[in-house]
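Subject: Structure handover and what turned up in it

Hi,

Here is the structure I promised to pass on. Have a look at it first, and then read on for what I found.

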Amino acid sequence: MADPGNIRPIEDSVVRDFTVNLSYGAYLHLDEVLSAQHPVSKPEHHDELLFIVQHQTSELWLKLVLHELRAVQDLLAADDLRPALKSLARVKHIQRTLTDQWSVLATLTPSEYAEFRSFLGTSSGFQSDQYRSVEFVLGNKNAAMLELFHHDDRARSQLADLLARPSVYDEFLRYLARHGHPVPAAVLDRDVTKPHTFCEDLVPVFRTIYENAHEYWEAYETCEELVDLEENFQLWRFRHLKTVERTIGIKRGTGGSSGVTFLRKALELTFFPELYAVRTEIGR
């Protein structure tokens with residue numbers, strides 16, 4: 001018989017009738033969320049649920065990252081810097097969560113994954129339109145990526161919209177120009193459907209901001225937030241690379257990519273090159 005001292009009575013004020021009141025499960029549509037995991041291995045492999053949940057939760061976090069970064073674009077365009085910084089701070093926390101998640105997937109051994117990998121067919125994280133959208137928002141644009149989503153009107157439309165829209169970095173540089181910083185006209189007038197390329201004339205702009213932080217504190221803080229964001233992104237990429245490497249070695253990806261080789265090349269990409277280049281110049 002249970003010891004009554006170990007039982008916590010339900011308080012009288014706790015809502016019990018959900019025929020008229022909104023429940024936790026209904027608000028979050030948990031019936032839909034928790035029934036969205038459909039292993040395809042036959043017989044069903046125990047570890048496939050881990051693989052599915054890992055990727056589904058990552059997609060949910062990416063949805064929130066994209067939501068916040070789109071707000072940052074709008075806020076920078078409206079010269080509303082403080083809430084933009086708040087959203088960037090939130091994105092950084094999400095990035096840490098996404099990076100930490102790889103440690104869970106890393107518990108999947110090569111032999112365990114090999115038992116159900118073939119059932120995945122040609123599906124691959126390479127095809128994540130939300131990941132591509134985040135890259136587009138940050139400035140790593142590639143119009144050829146739209147070809148991957150010709151079968152998905154929603155994804156293709158979202159990517160096309162983001163391709164044509166100034167990136168977070170574009171909006172920040174325009175913000176700086178409106179606030180008196182000598183951002184080169186070629187940067188401000190560039191084709192925003194192309195990826196940003198290094199502009200040497202931008203480095204002195206950032207050097208002035210960094211060496212006069214007391215005068216340009218908000219711009220200075222934003223620079224550092226963007227550097228944090230890129231560093232976190234690179235840490236996520238690296239953790240992804242190492243998890244793939246320990247799970248499948250140097251096999252090709254299920255979607256046809258070169259796998260680890262492709263992921264290693266992604267580590268060379270940068271969103272905000274001048275914010276790193278200026279570090280060499282400061283204090284000279």
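A word on element names before anything else: helices (H or I, at least four residues) and strands (E, at least two) are DSSP runs, numbered from the N terminus. Please keep in mind that this is a predicted model, in which local features need pLDDT of at least 70 and side-chain atom pairs count only at pLDDT 80 or more, while totals for chains, interfaces and linings use all residues. Residues are numbered from 1 along each chain as its sequence is written, and side-chain values use heavy atoms, with hydrogens and water left out.

Let me begin with the backbone. His29 sits in the loop between α1 (24–27) and α2, and its phi is positive, about 50°, although His29 is not a glycine. At a relative accessible area of 45%, His29 is partly exposed (buried means under 20% relative accessible area, exposed over 50%, partly exposed in between, with a 1.4 Å probe and protein chains only). Asp79, in the loop between α3 and α4 (81–105), is another residue other than glycine with a positive phi, near 60°. Its relative accessibility of 36% makes Asp79 partly exposed too. You will also find a cis peptide bond between Lys42 and Pro43, with omega about -5°; Pro43 belongs to the loop between α2 (30–33) and α3.

Next, the core. The largest nonpolar core contains 63 residues, and Leu69, Leu176, Leu202, Phe206 and Leu275 have the most contacts inside it. The largest share of this core, 10 residues, is supplied by helix α11 (residues 217–248). For the term itself, a nonpolar core is a set of buried Ala, Val, Leu, Ile, Met, Phe, Trp, Tyr and Cys residues joined through side-chain atoms within 4.5 Å. In soluble globular proteins, nonpolar side chains tend to be buried together. Take Leu275: not counting residues up to four places away in sequence, Leu275 touches Tyr169, Phe206, Tyr210, Cys223, Leu226 and Val227, where contact means heavy atoms within 4.5 Å.

Helix α11 also packs with α10. The axes of helix α10 (residues 203–211) and α11 come within 9 Å and cross at roughly 115°. Axes here are lines fitted to C-alpha atoms, for helices over the stretch in contact, and angles run from 0 to 180 degrees between N-to-C directions. The two helices are therefore roughly perpendicular to each other (angles under 35 degrees count as roughly parallel, over 145 as roughly antiparallel, 65 to 115 as roughly perpendicular and the rest as oblique). On the α10 side, Phe206, Ile209 and Tyr210 meet Ala219, Tyr220, Cys223, Glu224 and Val227 of α11. By class, this contact of α10 with α11 has seven nonpolar, no polar and one charged residues (Ala, Val, Leu, Ile, Met, Phe, Trp, Tyr, Cys and Pro count as nonpolar, Asp, Glu, Lys and Arg as charged, and the others, Gly among them, as polar).

Glu224 is partly exposed, at 28% relative accessibility. Leaving aside its neighbours within four places in sequence, Glu224 is in contact with Tyr210 and Arg279.

Helix α6 (residues 129–138) may interest you as well, since 10 of its 10 residues are buried. Those buried residues pack against α3, α7 (153–164), α8 (168–178) and α11. With α7, the axes come within 9 Å and cross at roughly 5°, and that makes α6 roughly parallel to α7. Here the residues of the contact divide into six nonpolar, two polar and three charged.

Gln73, in helix α3 (residues 48–77), is buried with a relative accessible area of 1%. Setting aside residues up to four places away in sequence, Gln73 touches Val137, Arg165, Pro166, Ser167, Val168 and Glu171. Asp170 lies in helix α8 and counts as buried at 3% relative accessibility. Beyond its neighbours within four places in sequence, Asp170 is in contact with Arg190 and Val192.
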